[in-house]
Amino acid sequence: TIVQNSEEHWVALVQAIATAHDQTAFAELFRHFAPKVKAFLIKSGADAGLAEECMQDVMATLWRKAHMYDPSRASVATWIFTVARNRKIDLLRKYARPEPEDLPWGPEQAPDQADVLALQQESHRLAEAMKTLPEKQRILIERAYFGDLTHSEIAAETGLPLGTIKSRIRLALDRLRHNMT
Amino acid sequence: MQDVNHHISDDLLMGYAAGALPQAFDLVIATHVSLSDESRARLESFEALGGAVLNHVGTADLEEDSFEATMARISAAPAPERAPSPEPAETGIFPAPLRDMVGGDLDAVKWRAVGMGVKQCVLHSGKDASVRLLYIPAGQAMPMHSHRGTEMTLVLQGAYSDEEDRFARGDVEIAGEETNHTPTADPGEDCICLIATDAPLKFNGLLPRIAQPFVGI
Ligand SMILES: [Zn+2]
Ligand SMILES: [Zn+2]
């Protein structure tokens, strides 16, 4: 298959882990994402030792939960972010965060390919937009996600294409619900 | 009437996506998102922003044996067999995150009477915020009160109205310092709400003794 952008490449790797327990695919994901996950945890307040432990947990979770990943609703980076965030709350704040109920029509229903493509392209656009954001705004957003800023402080318009991603996710959810009835 | 009050503000959703909110608010948001596809889509878009942040965060040096150690973790606890999909919508009224917190559905709640037929059950009380279930009999009005911080109310059964709007199952009302309201349950069905507050409420009604049990939660 032709790889359009890196987002779709990561999706293919996660799917290879899910369907074939592909260790080469996992090694490639690890090389790319593990150093980012560790950096994210350190910036969120973990020391290097805890960040390494936590990162290994996160990466092992990716292997175990690869079949739960829904590429019509999240990029691989987004999925990894959510796993890392939850592990961070476990370790740094010491509680199991309540998560929204899983959708009962969940991951066994193969997502629509058009939805997957559209969502991954929107994610690519968001990543590109993030690169062109003025330094000051980007740092504000990053600090909010590291957890050292109240969110009112970044209510400022950033011009990031979040609305289009939201519409894509909404469409995918609607389609999933529709498929069930 | 606008529907803006019926969804969670961007501020709170983004805080939840970042994992930066007090536990009490996490529970209300997770429960609300379970009931609203609109909020789920908005939450997942804020998580997409978290993914973009992860992409730009830079890199940290790993331990030399990092990959091997991770593979060892995986072999120690291999991937579970694919779990069957959860049963679609059970008969209860509590979505999964609330059911997990209570240890069951409505019939498992240990209510405490607080007067006028109103009952409550404190689920979690932290130093920064607390969360409780509130049971208001059909047609009953709560004492008028204002707020010292943020109060977030999610309706699970029945409906209530206040000076702002009417709220039914799945709807959220966020009341801040500027809100001074008298929530009144609709006639016909008892109203059950999940409420997080990040500071004790200020009651200004004429029944301070009845109001007392609501304070200091
Ligand atoms: Zn309305
Ligand atoms: Zn109130």
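## A charge over a ring in chain B

Lys119(B) lies over the face of Tyr135(B), at a distance of 4.2 Å from the ring centre. This contact is part of a predicted model, and every value in this report is computed from that model.

## Chain B in outline

Chain B has 217 residues, of which 51% count as buried. Its secondary structure consists of six helices and twelve strands.

## The open sheet

Six strands of chain B form an open sheet, in the order 1-2-3-11-5-8, with antiparallel pairing. Which strands stand at the edges? Strand 1 (112-115) and strand 8 (172-175) of chain B do, and each has a single partner strand, so one side of each is left without a neighbour in the sheet. On average, neighbouring strands of this sheet are turned by 25 degrees against each other, direction ignored.

Within the sheet, strand 5 (residues 151-157) and strand 11 (residues 191-197) of chain B run antiparallel and are joined by six bridges. Thr153(B) stands opposite Ile195(B), a residue in strand 11 of chain B. Helix 2 (residues 23-35) of chain B packs on the sheet, where it touches strand 2 (118-125), strand 3 (130-136), strand 5, strand 8 and strand 11 of chain B. The direction of this helix makes about 140 degrees with that of strand 11 of chain B.

## Nonpolar cores

The largest nonpolar core of the structure contains 95 residues. Tyr145(A), Leu133(B) and Leu194(B) are the residues with the most contacts inside this core. Helix 2 (residues 23-43) of chain A supplies the largest share of the core, namely ten residues.

Another core, of twelve residues, lies apart from the largest one. Its members include Val114(B), Met142(B), Ala185(B) and Cys191(B).

## Aromatic pairs and a cluster

A pair of aromatic rings is described by the distance of the centres and the angle of the planes. Over all chains, a search of the whole structure finds eleven aromatic pairs. One of the pairs is formed by Phe26(A) and Trp63(A), which are edge-to-face, with 5.3 Å from centre to centre and 80 degrees between the planes. This pair links distant parts of the chain: Phe26(A) belongs to helix 2 of chain A and Trp63(A) to helix 3 (residues 48-65) of chain A, and the two are 37 residues apart. Because buried means under 20% relative accessible area, Phe26(A) counts as buried at 1%, and Trp63(A) is buried at 8%.

Phe30(A) and Phe67(B) also form an edge-to-face pair, with 5.1 Å from centre to centre and 75 degrees between the planes. Why does this pair join two chains? Phe30(A) lies in helix 2 of chain A, whereas Phe67(B) lies in helix 4 (residues 66-76) of chain B, so the pair joins two chains. Phe30(A) counts as buried, at 4% relative accessibility, while Phe67(B) is partly exposed, with a relative accessible area of 23%. Together, Phe26(A), Phe30(A), Trp63(A) and Phe67(B) form one aromatic cluster.

Key. Residues are numbered from 1 along each chain as its sequence is written. Chains are lettered from A and ligands numbered from 1 in the order in which they are written. This is a predicted model: local features need pLDDT of at least 70, side-chain atom pairs count only at pLDDT 80 or more; totals for chains, interfaces and linings use all residues. Side-chain values use heavy atoms; hydrogens and water are left out. A nonpolar core is a set of buried Ala, Val, Leu, Ile, Met, Phe, Trp, Tyr and Cys residues joined through side-chain atoms within 4.5 Å. Buried means under 20% relative accessible area, exposed over 50%, partly exposed in between (1.4 Å probe, protein chains only). Helices (H or I, at least four residues) and strands (E, at least two) are DSSP runs, numbered from the N terminus. Two strands pair if DSSP finds at least two bridges between them. Axes are lines fitted to C-alpha atoms, for helices over the stretch in contact, and angles run from 0 to 180 degrees between N-to-C directions. Contact means heavy atoms within 4.5 Å. Rings of Phe, Tyr and Trp (its six-membered ring) pair if their centres lie within 6.5 Å; planes under 30 degrees apart count as stacked, over 60 as edge-to-face and the rest as tilted. A charge sits over a ring if NZ of Lys or CZ of Arg is within 6 Å of the ring centre and within 35 degrees of the ring normal.
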